[in-house]
Amino acid sequence: MLLASRKNFPFILINNNNNFPPSSSSSSSSVTFNKIRPPPPPLSPSSTTATTTVSVLPLMAMTTNGLSSKLIRSFTRRVNSSPSATTLTTPRFRSAQRTTINTTATAILPPPPPPPRTQPSDNIDQHEQQARDSIFDFEDTKGLFSSVTTGKLIRSAANLNLAAVEPVVDLGVWVMRSRLMQVGLMREMVLGTIKHTSYEHFVAGADLEETGRTVKKLWESGLRGMLDYGLEHTVDNESCDKNALQFIKTVESTQSLPPSSVSFVVVKITAICPISLLKRVSDLLRWEYKNPTSTHLPWKLKTLPIFSESSPFYHTLQKPSPLTAEEEHDLELANQRLINICNKSIECNVPVVIDAEDTSIQPGIDYFTYSAAVMYNKGQKPLVYGTIQAYLKDAGERLLETKKAADKMGLPVGFKLVRGAYMWSESQLANSLGVESPIHNSINDTHNCYNDCASFMLDEVSNGAGGLILATHNLESGKLAALKARDLGIGKDSEKLEFASLYGMAEAMTFGLRNAGFGVSKYLPFGPVDQIMPYLLRRAEENKGLLSSSNLDRQLMMKELKRRMKAYVGQGLVETENQFKSQAGSVVKLN
Ligand SMILES: Cc1cc2nc3c(=O)[nH]c(=O)nc-3n(C[C@H](O)[C@H](O)[C@H](O)COP(=O)(O)OP(=O)(O)OC[C@H]3O[C@@H](n4cnc5c(N)ncnc54)[C@H](O)[C@@H]3O)c2cc1C
């Protein structure tokens, strides 16, 4: 059923001579996932004490061959269950991190009793907290912001402080969405103001040239860039063609930048396939999953699992009609656009990562992603990465299903793990249909799902092929993952793990992770100011208020600015003193 004939895509060129990934790895993937890792060296007092307790979490001891549906179910139950149920919590995640794994202990032990559900940072012992906190050194703001000029620091602090004043942001957002933007002079004035405030802060440049300069600066400061051409949804083939060309140019632009300074090029399927078609494909895929024997999708390429039993299916209540000849043709065109982008990425040796959107079209996006992964991912390093949104109740189960299927096929898979950005619209749709929301019932469940998925993938990539992008501004998730990655020996050089945050956000965490020895990328949206407006509106909402995620950045930036000012004044005083002394000396000499 899953095997679609490539006859339907006569023009698809599969480049078997790709130079990505490097030839050292073999596509037959002699990956031995079921190797038992030796215990990690104790890193902290907590890890030393914990080695006396053998509590092997099934998930952590999971091997590729051992990924049974029972485990998938138990993982999902833990991820999905209510706080009082057996959800895999952070404390349990921690105990798994410090587990001594021996060959006999890999038998699946019953999970320990569930601890009370709290914020991830609560209920953890002092040693554990110290171990986590030791990952980042936020006390040393000099070391943290060493690569940031004072001018940039002042501008960033000013922008973030402004973004924290809710009435100012509300007014700005209102103006940006209002009819005033249709009045010539007013529009110019607003765009001019935005350009010198939030645009400058959150956007890497208006075009590839400006963005290239930003990449070089980041590279010099020990960071990499993920190039994201700011495109929104498309409705027709003509704009899809234009967008595909922009993505190809973006991939090409990496050739003129320092090698490895660009970690990924971001691709949005919604920019290369008309939205209406993505909806139709998603409907048909949903229907096929639920009615496998009575549904035939002749256009379907070989792909990886897109759904799990717990996925939302309420978008497709009736049997959808098959794709028309015209729709099939449009689908072929969209596939070809993605193939052209992938071929260019092989040529330029830069992987692509595909963004996730809302559940009404995500099956279609995953279909494109995974069919391209089947064609292009070889050896150890994936060329095409997909995105998993941990706020979805089915995220953990789907991740396992997809990984398991990819392992069976011998393909390396790569995932960008995010929490998810469409919470409001997802809940609203589910509400309007009177069905259960696909989003976790509480933010704690989302945190736990994120951390569990990250933990699972870290184990998987440390044992074999594949890649993981941890895209988050959440400090607790960053600390947990960094601690675990350090235990597993996954550092910057392994190229299996990349932490990622949006340009202009989570700067303290970014520099903290860099200083701790991890690969860190900034997600770099670029494009002209009016085109990037929807993105800026989302950032304005996200950074609004004193309790927003940029709070830590603001505090640490202000602390560093004060330190620099004191050092400057202090140095000035010393210089004046020295000058005075030398003048006094010369007077003495003269005398
Ligand atoms: C590099 C990068 C790439 C990204 N790419 C994508 C993408 O492709 N697709 C996409 O959808 N998003 C994407 N995002 C945005 C991301 O999904 C989040 O919106 C954003 O990063 C905030 O999440 P956080 O991990 O930083 O955590 P936090 O700021 O700690 O958590 C906020 C998130 O928690 C979740 N949440 C909040 N309240 C609740 C609740 N009551 N119940 C359940 N969950 C709740 C929501 O997802 C919310 O965004 C990306 C983010 C980054 C940094």
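Biologist: What makes residues 587–591 a stretch to be careful with?

Modeller: pLDDT is the predictor's confidence in each residue, from 0 to 100, and over residues 587–591 it stays under 50. The model also has 0 contacts beyond four places in sequence for this stretch, where a contact means two C-beta atoms, placed from the backbone, within 7 Å. Where pLDDT is low, the predicted coordinates should not be read in detail.

Biologist: What are the ground rules here?

Modeller: This is a predicted model, so local features need pLDDT of at least 70, side-chain atom pairs count only at pLDDT 80 or more, and totals for chains, interfaces and linings use all residues. Residues are numbered from 1 along each chain as its sequence is written.

Biologist: What is the mean pLDDT of the chain?

Modeller: The mean is 79, and 76% of the residues reach 70 or more. Over residues 1–122, though, the pLDDT is below 50, even with 186 contacts in the model beyond near neighbours in sequence.

Biologist: Okay, the fold. How many helices and strands does the chain have?

Modeller: There are 21 helices and 8 strands. Helices (H or I, at least four residues) and strands (E, at least two) are DSSP runs, numbered from the N terminus.

Biologist: What makes the strands a closed barrel?

Modeller: Two strands pair if DSSP finds at least two bridges between them. Here the 8 strands run β1-β2-β3-β4-β5-β6-β7-β8 as a closed barrel with parallel pairing. On average, neighbouring strands are turned by 30° against each other, direction ignored; axes are lines fitted to C-alpha atoms, for helices over the stretch in contact, with angles from 0 to 180 degrees between N-to-C directions.

Biologist: How do you know that β4 and β5 pair?

Modeller: DSSP needs at least two bridges, and 5 join β4 to β5 (residues 414–418), running parallel. Y385 stands opposite G414 in β5. β1 (residues 224–229) and β2 pass too, with 3 bridges in the parallel sense, and M226 sits opposite F264 in β2. Helix α14 (residues 362–376) lies across β3 and β4, at about 145° to β4.

Biologist: Why is β5 called largely enclosed?

Modeller: Because 5 of its 5 residues are buried. Buried means 20 or more other C-beta atoms within 10 Å of a residue's own, exposed 12 or fewer, and partly exposed in between, with C-beta atoms placed from the backbone. G414, K416 and V418 point one way from β5, F415 and L417 the other way, and all are buried. Strand β2 (residues 262–267) is mostly covered as well, with 6 of its 6 residues buried.

Biologist: What makes L536 a buried residue?

Modeller: L536 has 22 other C-beta atoms within 10 Å, and the cut-off is 20 or more, so L536 is buried. This residue lies in helix α20 (residues 533–542). Leaving aside neighbours within four places in sequence, L536 contacts I194, S198, Y199 and F202.
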